[in-house]
Amino acid sequence: MRDFVSKLNGNWTHITHLLLDLYNNYIFQHPYIKRTPRGVTIDIKYTLLFEKLKPLYNLVEMYPTKLKERKLRYMELKHSSWPLHMDRVLGQPIKQAIIFPLINCDENTITRWYELTEGDITEEKTNAYFINENKPFKTKTLYETSFRNHEPVRIRVDVLHNVETKLKNKTRLITGWYV
C-alpha cells in the first residue's frame, strides 16, 4: 500500500499558531492575498512583511517546492464534503502537500483516498482533476483518516481523494503547502 499520510516530526505548535494568527488577523486587501472558492491563498512572501510572521517563511527551506507559485492555501470546508479530486496548480499535477490542521479537525471530518475502477477523469480549468460525473463511475476506498488540530501531516494529493464532515454550522480549516 502507498503511504497516503505521514506525520511530521517535531513540535509545530508555534507554526500552527502563527498560521491561525495570519488567517484571523492579517488577511487584508493586498496583491499577495486572493479569496478563492475554497478559502484564501496567500503568497508566502507576504509573511515577510510582518516581523511576527517571518518564521512562516521557513517553510520555503524546510519543504521546498518546484512550483513558481509559492502559496499558503487556507481551505475552508463549510459544507458536507468536497468532491473526489486530484490536486494540481497552474495545470501541473502535484504529488504531495504539507497539511496544517487548524480548526475543527477531528474524528468528525474524514479524508479518504480512492482508486477509480471505472470511469474517467476530467481536466477542467481549475486547480484539480475531477471524476467525469456525466458518465458512470466506480471507486474503491484505499485509505481513510482524520486529521487532528495542530498535528501537521504530509499527504498524497496525486491520488483521488475527498473530504467529508459531519460538522454542522462549523468550518473546518486547514492550511496546505504543496511540495
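**Notes on a predicted model**

1. At 0% relative accessibility, T175 counts as buried, and the whole account that follows concerns a predicted model. T175 lies in strand β14, and, leaving aside residues up to four places away in sequence, T175 touches L19, L72, R73, Y74, I98, I99, F100 and L102. A student may like to find T175 in the structure and then look for these contacts around T175.

2. Helix α1 comprises residues 13-25, and its buried residues are I15, T16, L18, L19, L20, D21, L22 and Y23. What covers these buried residues of α1? The cover includes β3 (39-43), β4 (71-77), β7 (96-103) and β14 (172-178). L19, one of the buried residues of α1, is also among the residues that T175 touches.

3. As background, an α-helix has 3.6 residues a turn, so residues three or four places apart point the same way.

4. The count of aromatic pairs comes to eight. Among them, W113 and Y143 form a tilted pair, with 6.0 Å from centre to centre and 45° between the planes. This pair links distant parts of the chain, since W113 is in strand β8 (residues 109-118) and Y143 is in strand β11 (residues 138-145), 30 residues apart. Are the two partners buried or exposed? W113 is buried, with a relative accessible area of 0%, whereas Y143 counts as partly exposed because its relative accessibility is 31%. Ring pairs also link F4, W113 and Y143 into a cluster.

5. In two places a charged side chain is set over an aromatic ring. The charged end of R38 sits over the ring of W82, 5.7 Å from the centre of that ring, and the charged end of R88 sits over the ring of Y129, 4.5 Å from its centre.

6. Side chains of opposite charge can pair when their charged atoms come close. The count of salt bridges in this model comes to 12. One of the salt bridges joins E69 to K71, where the closest N and O atoms are 4.0 Å apart; E69 counts as buried, with a relative accessibility of 18%.

7. R112 deserves a separate look, and the question is which residues form salt bridges with R112. With E144, the closest N and O atoms are 2.8 Å apart, and this pair links distant parts of the chain, E144 being in strand β11 and R112 in strand β8, 32 residues apart. With E164, the closest N and O atoms are 3.0 Å apart, and this pair also links distant parts of the chain, R112 being in strand β8 and E164 in strand β13 (residues 161-165), 52 residues apart.

8. R112 is buried, because its relative accessible area is 16%, while E144 counts as partly exposed at 41% relative accessibility, and E164 counts as partly exposed at 32% relative accessibility. Elsewhere, salt bridges that share partners join R35, E76 and K78 into one network.

Definitions and conventions. Residues are numbered from 1 along each chain as its sequence is written. This is a predicted model: local features need pLDDT of at least 70, side-chain atom pairs count only at pLDDT 80 or more; totals for chains, interfaces and linings use all residues. Side-chain values use heavy atoms; hydrogens and water are left out. Rings of Phe, Tyr and Trp (its six-membered ring) pair if their centres lie within 6.5 Å; planes under 30 degrees apart count as stacked, over 60 as edge-to-face and the rest as tilted. Helices (H or I, at least four residues) and strands (E, at least two) are DSSP runs, numbered from the N terminus. Buried means under 20% relative accessible area, exposed over 50%, partly exposed in between (1.4 Å probe, protein chains only). A charge sits over a ring if NZ of Lys or CZ of Arg is within 6 Å of the ring centre and within 35 degrees of the ring normal. The expected span of a helix is 1.5 Å times one less than its number of residues. Contact means heavy atoms within 4.5 Å. A salt bridge is a side-chain nitrogen of Lys or Arg within 4 Å of a carboxyl oxygen of Asp or Glu.
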